[in-house]
Amino acid sequence: MHRFALAGNPNSGKTTLFNGLTGSTAHVGNWPGVTVDKREGVYKKFDEPIAIVDLPGIYSLSPYTPEEVIARNYILDEKPDCVINIIDATNLERNLYLTTQLLEIDVPMVLALNMMDAVEKRGDYIDEKALENRLGIPVVKISALKGEGLDKLMERAHQVCSVIRYGKTVIEDVALKHLIGDIKIALEGQGVSNPMFHAVKLAEFDEIEVLMHKDTVNMVEAFKKSHQYDGFGDDFEALIADARYKYITKYFSPTLKRKNKEKFVVTPSDKADKVLTHKIWGIPIFLVILFTIFHLTFSENLFFLGGLLPEGWVSFEGTAFEGVFGAGGINSPGVMLMSLVEILTTFISDGVATLLATSPEWVSGLICDGVLGGIFAILGFLPQILVLFLFFSILEDSGYMARIAFILDRALRKFGLSGRAFLPMIMGFGCSVPAMINTRTLADEKEKIATVRVIPFFSCGAKLPILTAVSGAIVGYFGVGNVDFITYGMYLIGMITALVAVVLMRETTLKGDTPPFIMELPAYHAPQLWNLVMLLWDKAKHFIHKAFTIILASTIIIWVISHFSFSWNYLSDDLMHQSILGGLGQLIQPLFTPLGFGSQLNGMGWVFAVAAITGLIAKENVVSTLGTLATCLIGTMIDIESDGGVGAVSIMIANTGITLPALLAFIAFNMTTIPCFAAVAAAKGEMPNKKKFNWTIVFWVITSYIVASALYLIGTAWWTAFLYLAVAIVAITIIKFTNKKREKIGK
Amino acid sequence: MQPIEIIVIVACVLIVGGVIFKAIYDKKKGKSSCCCDCSKCTKCYKKDQNDGGENN
């Protein structure tokens, strides 16, 4: 099977082309660096299937970043049958810089001019025939987004893939060309493949090449001594880069005919950026946008209409729509959909309960209270998770997320954080695992470790049910605030914790310079509907799959060990505290006493303790465990029956005697403690050694304990805030003093 | 013991056993049990991470 590799600059549309060719649904983001590893798919339109490899976006083949090393190694070592060099045609000259490097490799190549729709919209024209003649490889105009020109591209690639192509360079300087020629002959004599590429890289003094071809390095060094170039001295890397750009400007630029002759044109994106990336208003605008998203997802009083309009205007109280549209105000789309799911799950629960009415008590208990109670407590949140991710995806697809990294870089650079580290952190809102994998794009190891450690604080989709269920209980039981405000506030607490933790680490154990951050801001564009649909479909599929595998198994185990004693006798709901789970929970519940959900809850602390521990498997387990236990326990607490689900969790929480600060501490603990197994495994994979990984686990435990206990203690006795403040001031003073002392010793 | 009790016990054992077996099997094959956005990834991230590669 032939293998074609897709190579190009970040955000040039490689993954969109990959999806278009292979029918895959790989994650596409409108920011540079979404793909950090190569991935494979199959193009099936020819008689013989063709493997398509999507390489991470790169600006050059120099080993500056891990992505560049991955792409370089793949093309040189795996020897694909053809390289499809996809370039953003709206930025022709800059993208062709990589092309000039790829041309030096002995591999068949095709150039795909992507985003031609945008070029034509501007009224510009690219003479692809002239470009083709100059480059010596086929050039095809495409629009990966619209699927235009893809078949022609593959046909041309298929035609050239069996034809041998030798690398050639665009460097025209006579002396330099002579040096490269001599190195090439020497390398050919040593039997090195891709001699032109390696010769140019050796001339650049590329660190990988220098290590690999020690014998030939002397030749370059001797040449360097005899040649000094104006402006560049003996910096041959800069010299060669300059030579490439000169060639591009001289021969390739004329193939682009611009309608607007002005060199700098203010685009609508530039105008939008003047507001959205404003140095003062940028961050407040981001916070307002974030709140609007939470409001549209979680609010039960959309746009606060319930309080603004006369009573009865928007109230559906007492009507058939009360459950869906809300009473005393209009529900947000997220809550409306959630209510519909609840109606459905209640119907199913009632039906199953009727069917099992004559079955033994333990059977109906296991199925209705255990399995359905747990699963439905989680499934009820699926609509809200999807609505939230729809909004996040719109932000990402539009190009706004890339701006957030830019805004935050400017604000937090002095604290040792670069904007590049924020991109994986923002990805953490979706799932910690791909976010941690994305940290591979961070070249600075200390920054990478710090970023991996704080990614779980950016609340992922799996933690959303915890936030919403407990926030719902807070609103319902204490009558405090709105669910959207509380959820938004807890997200902010997570983000602030992450920032404080990174700053502390960068000032102490992971001290180092802030790496430079250069990022191309992609142009804003309207989100692609298909992209959004596929993303939500993937999310829903993954969530449901998890609900009916890990969570289903967990609910069964939780129910069984909460209804059997250590001597394996069946226990009814009112004796659950004597069960295996109850016993273990009561054993560990003192650990959570300083956080407000331990021993002080009159024998109910074990429920929260157990829920927090089961969350280590998968965070959805926290609410499913509460759901399972709540459905069983409610009847023993108050004289009502529950259909299970999230409603049962709220009722149980309300009857445990837990306080408001303790509930907030419970959310905070689960948000900041050790993440799920999968994320822990991903973190282990990204850490440089076992010691760093072990410290990461300790870091999560300590941070969650500090954050949750602070919330509980300050919420319970406000004056303790001064104690925390005093401790913080002392800690900062000690750190500053120690750092200054170290700097003095260093000098 | 009623038939429904036997059915429920067998089903529970199969579900719990299946999930645990799948997790162990995936781990042995080097796959991660994660994958949200990276669900379409055909290569395990751990495998990719060790991709040093050698230029020749």
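These notebook entries record what I looked up in the predicted model shown above.

**Entry 1. Ground rules.** I number residues from 1 along each chain as its sequence is written, letter chains from A and number ligands from 1 in the order in which they are written. The model is predicted, with local features needing pLDDT of at least 70, side-chain atom pairs counting only at pLDDT 80 or more, and totals for chains, interfaces and linings using all residues, while side-chain values use heavy atoms, with hydrogens and water left out.

**Entry 2. Salt bridges.** I noted that side chains of opposite charge can pair when their charged atoms come close. I took a salt bridge to be a side-chain nitrogen of Lys or Arg within 4 Å of a carboxyl oxygen of Asp or Glu. Over all chains, the structure holds 19 salt bridges.

I looked up A:Arg72 and found it in a salt bridge with A:Glu209, with 2.8 Å between the closest N and O atoms. A:Arg72 belongs to helix H2 (residues 66–78) of chain A and A:Glu209 to helix H9 (residues 207–212) of chain A, so this pair ties together parts that are 137 residues apart in sequence. Helices here are DSSP runs of H or I with at least four residues, strands are runs of E with at least two, and both are numbered from the N terminus. Both A:Arg72 and A:Glu209 are buried; by the cut-offs used, buried is under 20% relative accessible area, exposed is over 50%, and partly exposed lies in between (1.4 Å probe, protein chains only).

I then turned to A:Arg244, which meets A:Glu104 in a salt bridge of 2.7 Å, N to O. These two are 140 residues apart, with A:Arg244 in helix H11 (residues 236–252) of chain A and A:Glu104 in the loop between helix H3 (92–102) and strand S5 (109–114) of chain A. A:Arg244 counts as buried at 0% relative accessibility, and A:Glu104 counts as buried at 0% relative accessibility. I also recorded a network of salt bridges that links A:Glu104, A:Lys201, A:Glu204 and A:Arg244.

I next examined A:Glu686, which forms a salt bridge with A:Lys448, the closest N and O atoms being 3.1 Å apart. A:Glu686 is buried at 3% relative accessibility, and A:Lys448 is buried at 14%.

**Entry 3. Two bent helices.** Which residue marks the bend in H28(A)? I found a bend of about 35° at A:Thr631, a bend being the angle between axes fitted to the seven residues ending at a residue and the seven starting there. Helix H28 (residues 620–637) of chain A has 18 residues and reaches 25 Å from its first C-alpha to its last, close to the 26 Å expected. The expected span is 1.5 Å times one less than the number of residues. Because 15 of its 18 residues are buried, H28(A) is largely enclosed by the rest of the structure.

In H17(A) I found a kink of about 35° centred on A:Leu372. The end C-alpha atoms of helix H17 (residues 361–379) of chain A are 25 Å apart, which agrees with the 27 Å that its 19 residues should span. H17(A) is mostly covered, with 16 of its 19 residues buried.

**Entry 4. Loop residues.** I located A:Pro515 in the loop between helix H24 (483–507) and helix H25 (529–563) of chain A, where it counts as buried at 15% relative accessibility. Beyond its neighbours within four places in sequence, A:Pro515 is in contact (heavy atoms within 4.5 Å) with A:Arg413, A:Ser418, A:Asp444, A:Glu447 and A:Arg506.

A:Ser459 sits in the loop between H22 and helix H23 (464–478) of chain A and is buried at 1% relative accessibility. Its contacts outside four places in sequence include A:Phe429, A:Tyr491 and A:Met671.

Entry 5. A:Met115 has a positive phi near 65°; A:Met115 is partly exposed, with a relative accessible area of 24%. A:Asn194 has a positive phi near 55° and is buried at 4% relative accessibility.

**Entry 6. Chain B.** I recorded two helices and zero strands for chain B. Of its 56 residues, 23% are buried.
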